Amino acid sequence: MITNLEKLSKFLLKNKLTISTAESCTGGLLSSKLTDISGSSAYIKLNLITYANEAKQKMLEVDKTILETKGAVSEECAYQMAKGLYKLTKSDICISTTGIAGPTGGTNEKPVGLMYSCIYTPEKYKIYRIQMPTDVERIQMKELFADEVIKNIVEFMNV
């Protein structure tokens, strides 16, 4: 059975599309998964790990006010990360991830396992709110987040 990652790779190659990522909570794991496929250098344009808020501001032009009022783990931040990545790369598909991988750091409002991701193209975008189980180890949480984002890209792009 073909995986979502393989489907995405074939789709990007066939359509000569580029993809870039701006990762926070996934810490580069999404980028790593995308590069697991041979030939991925044909479609990966730029992958950033913007873990610190300062990096989000400097590299992706995330508004400081958004970070102060809504927080890094928010729809608004995910959107601005992806839009800023598009401005930087002009990639056909720009992806952002921001969330709380845990096992600590969550609140009632923003529990461990909460992630926002934005898929941004020049024509359209979609923000995803993803809530994973709270009892998952950090490394497993990052895996769940990255796999969910890949699945969402496949669905969003109608692969």
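This is a predicted model: local features need pLDDT of at least 70, side-chain atom pairs count only at pLDDT 80 or more; totals for chains, interfaces and linings use all residues.

**Cysteines**

A disulfide needs two cysteine sulfur atoms within 2.5 Å. I also looked up the accessibility of Cys-94 and found 0%, so Cys-94 counts as buried.

Next I turned to Cys-77. How many disulfides does the structure hold? I found zero. Cys-77 is in no disulfide, and the nearest cysteine sulfur, in Cys-25, is 10 Å away. Cys-77 has a relative accessible area of 0%, so I noted Cys-77 as buried.

**A cis peptide bond**

I then went through the backbone. Which residues does a cis peptide bond join? I noted Gly-102 and Pro-103, with omega at about 5°. Pro-103 sits in the loop that runs between strand 3 (93-99) and strand 4 (114-120).

**Positive phi**

I looked up Lys-16 and wrote down a phi of about 55°, which is positive although Lys-16 is not a glycine. I placed Lys-16 in the loop between helix 1 (4-15) and strand 1 (19-23). Is Lys-16 buried or exposed? The relative accessibility is 71%, so Lys-16 counts as exposed.

My last entry is Glu-61. Glu-61 is not a glycine, yet its phi is positive, at about 60°. I found Glu-61 in the loop between helix 3 (53-60) and helix 4 (64-69). With a relative accessible area of 52%, Glu-61 is exposed.

Conventions:
Residues are numbered from 1 along each chain as its sequence is written. Side-chain values use heavy atoms; hydrogens and water are left out. Buried means under 20% relative accessible area, exposed over 50%, partly exposed in between (1.4 Å probe, protein chains only). Helices (H or I, at least four residues) and strands (E, at least two) are DSSP runs, numbered from the N terminus.
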